[in-house]
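Please keep the model in view while reading.

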Amino acid sequence: MKDFFRKIFKERKKKYVTEGIDGYDWDESQPKWPITRIMNTAFCIISIIVWVLILTRIFASGNSEYEKMILLNDKAAAVYPEKTQQVLRINSANKKDASGGVLVHYPVYLEEVENLQLTVRINHRTLKPGSGKLGYTFVIRESSGEEVRFYPLSYHSIEKQFQYRFYRLCFEGVKLDPEKVYTLLLYRGDVKPTDGAYPAEKADFRFTVLNSETYCNTVTPKKSVYEKLK
């Protein structure tokens, strides 16, 4: 009987003793980490790195608050949002170029001050900036048959986030007509018009902001969406 209880309560010998901080066992006579454990540890480390890169890319490529900002200069701030908060939301289909370097967000029209604005996200690694302060030239092209008119950039704001640049672009003097076509033209560098015209075929990126098939609706943004130009 005595031998029976001794057998039950006898402490089992450990195959390996507690590890040291260097990854080896305290007993130097014991083997190093087995190959399966090394492979599992390496797999976990690689998985963590991959997930960190994926999450970083997701958060870096989006900036929803900035994309939906309505930027006001002195003229627009005299009307919005105190006198009126309603703006025309232009539901253009999100479109990016073939390389994924450019994406257009949240076009709106402030009818009271004839102000068309939208956000352009550019990946500077994919579409590198050219000459000039902005590195790009942004133009709105209004067309109806053979009649064409161009609206240069009036004012803007820039937000930098990793390799991405978010440009909130505002074009004044635009008399929006749903029967006409409004196209954003983007050129690398500081491009000047020739005889008052910007050749659409030479643009590095084109985006149809509005045409006869574009759905538009009136919305009332929160006051926090409006931001006065500094």
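Two strands are said to pair if DSSP finds at least two bridges between them. The strands themselves (E, at least two residues) and the helices (H or I, at least four) are DSSP runs, numbered from the N terminus. Residues are numbered from 1 along each chain as its sequence is written, and side-chain values use heavy atoms, with hydrogens and water left out. The model is predicted: local features need pLDDT of at least 70, side-chain atom pairs count only at pLDDT 80 or more, and totals for chains, interfaces and linings use all residues.

Strands of a sheet pair through backbone hydrogen bonds, either parallel or antiparallel. Strand β5 (residues 136-144) and β6 pair in the antiparallel sense, over six bridges. Within this pairing, Arg149 in β6 is the bridge partner of Glu142. Both strands belong to an open sheet of four strands, whose order is β6-β5-β9-β10 and whose pairing is antiparallel. At its edges lie β6 (147-152) and β10 (205-210), each of which pairs on one side only. From one strand to the next, the twist averages 25°; here axes are lines fitted to C-alpha atoms, for helices over the stretch in contact, and angles run from 0 to 180 degrees between N-to-C directions.

Strand β2 has antiparallel partners of its own. With strand β11 (residues 215-219), β2 pairs over five bridges, and Ile90 stands opposite Cys216 in β11. With strand β3 (residues 102-110), β2 pairs over two bridges, and Arg89 stands opposite Val108 in β3.

The interior comes next. A nonpolar core is a set of buried Ala, Val, Leu, Ile, Met, Phe, Trp, Tyr and Cys residues joined through side-chain atoms within 4.5 Å. Buried means under 20% relative accessible area, exposed over 50%, and partly exposed in between (1.4 Å probe, protein chains only). The largest nonpolar core has 26 residues, and among those touching the most other members are Val120, Phe138 and Leu186. At least two residues of this core come from each of β3, β4, β5, β8 (164-172), β9 (181-188) and β10. Leaving aside neighbours within four places in sequence, Val120 is in contact (heavy atoms within 4.5 Å) with residues including Val102, Phe138, Tyr167 and Leu184. A second, separate core of 18 residues includes Tyr66, Tyr80, Val87 and Leu110.

How many aromatic pairs are there? Rings of Phe, Tyr and Trp (its six-membered ring) pair if their centres lie within 6.5 Å; planes under 30 degrees apart count as stacked, over 60 as edge-to-face and the rest as tilted. By this rule there are six aromatic pairs. Tyr80 and Tyr226 form a stacked one, at 6.4 Å centre to centre and with 20° between the planes. Tyr80 lies in the loop between α4 (74-77) and β2 (87-91), and Tyr226 in strand β12 (residues 226-228), so their pair ties together parts that are 146 residues apart in sequence. Both tyrosines, Tyr80 and Tyr226, are buried. Elsewhere, ring pairs link Tyr136, Phe138 and Tyr167 into a cluster.

Asn123, in strand β4 (residues 115-123), counts as buried because its relative accessible area is 5%. Cys170 is buried because its relative accessibility is 0%, whereas Cys216 is partly exposed because its value is 25%. A search of the whole structure finds zero disulfides (pairs of cysteine sulfur atoms within 2.5 Å).
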